[in-house]
Amino acid sequence: MSNAISRVKTRLLLAVVEDDGMSTAEYAIGTIAAAAFGAILYTVVTGSSIVDALTGIIDRALATSV
């Protein structure tokens, strides 16, 4: 009987302590962070230096004789 009570106590403790998933506030912060990261990444990738560098790499690759 003591073993059964111990198992019930353990299950109740795990049910109280476990925190699966995120709360609404955590989803909101995660969404804002993802949007900010996307905006920064878009700004960097569409910047003229990145476009020029990629164009240079492609031009050199196409100009290479085989």
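Accessible areas were computed by the Shrake-Rupley method with a 1.4 Å probe, and for residues only the protein chains shown count as cover. On that basis, the surface of the protein chain comes to about 6,100 Å², with 69% belonging to carbon and sulfur atoms. The model is predicted, so local features need pLDDT of at least 70 and side-chain atom pairs count only at pLDDT 80 or more, while totals for chains, interfaces and linings use all residues. Residues are numbered from 1 along each chain as its sequence is written, and side-chain values use heavy atoms, leaving out hydrogens and water.

The protein chain holds 3 helices and 0 strands (DSSP runs numbered from the N terminus: helices are H or I of at least four residues, strands E of at least two). Of its 66 residues, 0% are buried (under 20% relative accessible area; exposed is over 50%, partly exposed in between, with a 1.4 Å probe and protein chains only).

Helix α2 covers residues 24–45 and includes I40, which counts as exposed because its relative accessibility is 55%.
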